[in-house]
Amino acid sequence: MRLPFSTNADRFPVPVRPVRNWTGDYWYLIENLVLKDFKIRYRNMSLGMFWSLINPLVMMSVLWFVFTRIFPNANIPHYALFVLCGLVPFNVFTMCWLSGTISLIDNAHLIKRVPVPREAIPVAAVFANCLQLLAQVLLLLFLAAAAIGIHRSWFWLLAIWPLEVLFVTGLALMFSAFNVYVRDVRYVVESTNVVLFWLVPIVYDFRWIPAQYRIIYAYNPVAAMVMALRNILLDQTAPAGTLLAKAAISSVAMFLLGLAVFRRLRPRFYNFL
Amino acid sequence: MSSQPAVEFREVWKTFHRHTGQLLLRSHFKRLLTWKDSVERFHALRDVSFQVEHGESLAVMGKNGAGKSTLLSLVAGLVPPDRGDVLARGRVAALLELGSGFHPDLTGLENIRLNAALLGFSRKQTAARLEEIVDFAEISDFIREPLRTYSSGMIMRLAFSVAVNLDPDILLIDEVLTVGDAGFQAKCFDRILDFRRRGKTILCVSHAAGMAERFCGRALWLDHGELMLDGEIGEVGCAYQGYLNAGA
């Protein structure tokens with residue numbers, strides 16, 4: 001079968017060689033790319049980082065209004081905080097995924113002119129978003145500490161956040177490579193994110209889901225993240241071992257798969273950018 | 001290191017697709033369904049072989065679309081060849097387009113750091129060269145202003161300053177020295193000559209022989225991706241000029 005992005009290999013029997021290796025200070029490069037994204041985003045805004053906080057607070061208030069005043073539900077205490085536990089990891093996931101996906105196109109001028117290691121571009125886009133969304137995470141932790149209190153189960157936060165970032169980095173690598181070849185990919189990601197908002201237990205509780213539909217959630221990494229976060233912040237218990245194990249395995253697997261796909265597609269980026 | 005050439009092309013072929021709306025899902029599906037290879041290809045380079053020794057300066061001549069920029073992109077490692085081998089020994093810095101690694105919303109200083117990092121420098125190495133880069137570009141008053149407030153001459157000076165001060169072994173220049181005032185151009189030529197004296201390698205692209213003749217000893221003439229002539233610059237320049245005159 002002919003791949004949609006077939007190479008010239010069918011014409012020339014010699015395989016396409018990889019781009020020459022780049023040597024240098026990888027972390028300094030990532031740092032500079034992250035700072036670039038971050039500075040460009042906030043330089044022309046008078047409120048700067050505050051926008052990052054206003055967005056989830058507005059969403060939280062609206063959802064709180066709808067689901068406590070219009071559809072009253074008496075059985076979830078701290079409903080606003082409950083919603084925020086869903087919104088913040090959802091925002092991290094969707095924003096990192098989307099900006100990672102479009103990062104190669106956005107930085108086409110760099111890729112076509114400087115022999116920079118291409119993996120650094122989507123990775124830096126994900127990190128830049130994490131840095132930006134750190135404000136939301138801190139807001140969530142602050143509100144949880146104020147409303148419920150700090151507990152030693154909070155140590156688990158140090159495990160689950162890196163796992164989510166690892167997972168979305170793999171996804172960003174994979175989709176950024178696809179997006180070079182087929183520009184529609186970005187809209188697929190955007191639509192998926194809209195669907196995901198309702199398929200992740202953000203406004204509702206996992207326990208309300210009828211048993212026959214739970215399968216949809218068992219393989220949903222964002223849902224796992226939300227449940228783990230609610231365990232820790234609202235119930236003050238450690239997340240289930242099976243959930244953590246599944247999250248760890250799927251995150252590492254996703255990252256490796258993303259990297260492999262990226263490397264496979266990388267040699268011909270230049271021709272399509 | 002000196003026993004081997006700085007840049008080596010062995011029977012290099014490079015083709016590009018002509019994109020005719022090919023980046024959309026629709027056209028990928030169409031190709032899958034029709035089983036027809038509708039992609040037009042054109043050869044940017046056909047079976048090009050040459051060597052550049054360390055310390056040599058080479059000019060590449062040819063009309064628009066002759067494959068000159070493709071050749072430099074291959075040396076810079078931006079794109080792999082379809083067939084053949086491209087070898088470049090040493091750190092390559094490219095001045096391929098006016099301030100191409102720069103972002104207009106970042107300040108001059110931030111752009112210098114970003115470019116140094118892109119070329120593989122560490123924080124320490126960057127800091128050590130920062131002052132020299134700013135001094136050479138003569139834009140110290142503007143260095144904390146965003147790049148979009150710069151004139152094109154200032155951006156060019158900064159780009160040139162970054163490229164030559166990051167101490168590459170091989171410098172690629174793609175027709176950028178035409179910008180800037182006479183004083184700065186003279187300074188750039190001085191720096192390039194100094195670069196040559198230190199045994200570094202230069203590859204530059206030029207439409208006309210005039211500028212290149214001042215610092216290149218040798219030239220390649222490319223036409224439609226084929227290497228027409230490789231030799232002493234005066235000789236190649238004459239042949240190319242003769243071809244242009246005959247065509248006109």
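Predicted model: local features only at pLDDT ≥ 70, side-chain atom pairs only at ≥ 80, totals over all residues.
**Exercise 1. Work out how R191(B) is placed and which residue it pairs with.**

Start with the accessibility of R191(B): its relative accessible area is 18%, so R191(B) counts as buried (buried means under 20% relative accessible area, exposed over 50% and partly exposed in between, with a 1.4 Å probe and protein chains only). Next comes the partner, for R191(B) forms a salt bridge with E132(B), and the closest N and O atoms are 3.9 Å apart (a salt bridge is a side-chain nitrogen of Lys or Arg within 4 Å of a carboxyl oxygen of Asp or Glu). This pair links distant parts of the chain, since R191(B) belongs to helix α6 (residues 182-197) of chain B and E132(B) to helix α4 (residues 123-137) of chain B, 59 residues apart (helices, H or I with at least four residues, and strands, E with at least two, are DSSP runs numbered from the N terminus).

Residues are numbered from 1 along each chain as its sequence is written, chains are lettered from A and ligands numbered from 1 in the order in which they are written, and side-chain values use heavy atoms, with hydrogens and water left out.

**Exercise 2. Find where the residues of the salt bridge between R218(B) and E56(B) lie, and how far apart the closest N and O atoms are.**

In the salt bridge of R218(B) with E56(B), the closest N and O atoms are 3.2 Å apart. R218(B) lies in strand β8 (residues 218-223) of chain B, and E56(B) in the loop between β2 (40-52) and β3 (57-61) of chain B, so the pair ties together parts that are 162 residues apart in sequence. R218(B) counts as buried at 14% relative accessibility, whereas E56(B), at 22%, counts as partly exposed.

**Exercise 3. Describe the surroundings of the ring of F82(A).**

The whole structure holds 18 aromatic pairs over all chains (rings of Phe, Tyr and Trp, the last by its six-membered ring, pair if their centres lie within 6.5 Å; planes under 30 degrees apart count as stacked, over 60 as edge-to-face and the rest as tilted). One of them is the stacked pair of Y79(A) and F82(A), at 5.7 Å centre to centre with 25 degrees between the planes. Because Y79(A) and F82(A) are 3 residues apart in helix α3 (residues 79-106) of chain A, about one helical turn separates them. Y79(A) counts as buried at 5% relative accessibility, and F82(A) counts as buried at 3%. R230(A) lies over the face of F82(A), at 3.5 Å from the ring centre (a charge sits over a ring if NZ of Lys or CZ of Arg is within 6 Å of the ring centre and within 35 degrees of the ring normal).

**Exercise 4. Locate N220(A) and list its contacts beyond its neighbours within four places in sequence.**

N220(A) is placed in the loop between α8 (214-218) and α9 (221-233) of chain A, and N220(A) is buried, with a relative accessible area of 9%. Leaving aside neighbours within four places in sequence, N220(A) is in contact with L196(A), L199(A) and V200(A) (contact means heavy atoms within 4.5 Å). From C-alpha to C-alpha, N220(A) and L196(A) are 9.3 Å apart in space, although 24 residues apart in sequence.
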